[in-house]
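Biologist: Thanks for sitting down with me. Could you take me through the terms behind this structure as we go?

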Amino acid sequence: MAELNLGKGLTAGKVASNVQKKLTRAQEKVLQKLGKADETKDVAFEEGVINFNKQYAEGSKLQRDLRAYLEAVKAMHESSKNVQACLADMYEPEWYGKDEVDSIVEDCDVLWTDYHQKLVDNALISMDTYLGQFPDIKSRIAKRDRKLVDYDSARHNYATTHKTKKKDGSIKITKPSSLLERATPGWAQGILSAHNVAQSSLSRNQAEDELERAQKVFEEINIDLQEELPSLWNSRVGFYVSTFQSLAGFEEKFHKEIGRVSVACGPQLMRNLDKEETKQINIHLEFILTYIDLPPLLFDAAATPDINVTSPTEVSEPSTFPLSCTDELEMKTGDVVLVISFDNPDEQDDGWLMGMKQDDWLQNKENAARGVFPENFTQRL
């Protein structure tokens, strides 16, 4: 009759065998806990298992913290990228160093990306590889524990079967004790007793074979683990040193490089921008005037009316300076004029100045309209 197949290589026979093993192991453990069966102990190996579990727990925690650190670096990269992009968007094209700002934004992004990738390649992947060996060893430790129970069970079974062995090894016909023996004719009693003795001998041989087999399987696993556990425990120091040195080295290098870029983008570039913008006002600025409502007459300093104007003059009916040429600056009463020098001093006529209205400059900067105007229509502030 064909044996029932349960799929995935399982058969009814294998299932029954596995169930029997579990029952035997459970029975052996109960007897050991009750003190009715001795248990094989290996103090050195048990200490190795304690160290293994501690090492596994510490490594797993380091792996979780390292992943969290990388997530933080990734989030910081994204935040830095957004801030740099905001700066680049706000930085007007005509401002000093616009190309430098765009280059710095790109450099910062590259540095963050490179930093994160180095941490992944040299720390996280190494961490994953280091911890990858623990699950297999853990399963083998559990298997060793099961095989140790099988060995103890086989050892106890062997001891039990050999207690019934006759010291002299002879066949002795005893008084019938079983129903089968009572029902057996007298002339066959000896034959039945001999059969029982033979069965006992067979059981002892099976117990011995089972003990040898269980001992062999256990020792094969045990010897390998006895060598691997101490070696794995000792390897943790070198691994931790390498990991933290890599983290510290990459972090130090990154902060140095990002620091240089930040300095170029921060104080240095902003100072240059501030100087350039100030220069647009002050490089040719001579003095500030305000247009007042005076008759359009040319007069020398001695004829200047004694008027002390410290702020733009307001009049009820503002007058406008009449333009006679296209290069003249149109002004009205109260306008504040920034006086600048002529590009060519030879072009300056007596009594005329070059300037631009302050309101126009504040709004249009270097695109503000420039023109000449008569000095006697204005008063210094």
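Modeller: Gladly, starting with helix packing: axes are lines fitted to C-alpha atoms, for helices over the stretch in contact, and angles run from 0 to 180 degrees between N-to-C directions. Helices (H or I, at least four residues) and strands (E, at least two) are DSSP runs, numbered from the N terminus. This is a predicted model, in which local features need pLDDT of at least 70 and side-chain atom pairs count only at pLDDT 80 or more, while totals for chains, interfaces and linings use all residues. Residues are numbered from 1 along each chain as its sequence is written, and side-chain values use heavy atoms, leaving out hydrogens and water.

Biologist: What makes α2 and α3 roughly antiparallel to each other?

Modeller: Helix α2 (residues 43-90) packs against helix α3 (residues 98-132) at about 170°, with axes 10 Å apart. Angles under 35 degrees count as roughly parallel, over 145 as roughly antiparallel, 65 to 115 as roughly perpendicular and the rest as oblique. The pair is therefore roughly antiparallel.

Biologist: Why is Gly59 called buried?

Modeller: Buried means under 20% relative accessible area, exposed over 50%, partly exposed in between (1.4 Å probe, protein chains only). Gly59 has a relative accessible area of 0%, so Gly59 is buried. Gly59 is found in helix α2.

Biologist: Which residues does Gly59 touch, not counting residues up to four places away in sequence?

Modeller: With contact meaning heavy atoms within 4.5 Å, Gly59 touches Met127, Leu131 and Tyr240. The C-alpha atoms of Gly59 and Asp128 are separated by 9.5 Å, and these two residues are 69 apart along the chain.

Biologist: What makes a set of residues a nonpolar core?

Modeller: Such a core is a set of buried Ala, Val, Leu, Ile, Met, Phe, Trp, Tyr and Cys residues joined through side-chain atoms within 4.5 Å. The largest one here has 32 residues, of which Phe52, Met127, Tyr130, Ile137, Ile141 and Leu229 touch the most other members. The elements giving two or more residues to this core are α2, α3, α4 (134-163) and α6 (189-282), and α3 gives the most, with 12 residues.

Biologist: What does Ile137 touch, beyond residues up to four places away in sequence?

Modeller: Ile137 touches Phe52, Leu225, Glu228, Leu229 and Leu232. A second, separate core of eight residues includes Leu338, Trp361, Ala368 and Val372.

Biologist: And how many helices and strands are there in the protein?

Modeller: There are seven helices and seven strands. Buried residues make up 30% of the 381 residues.
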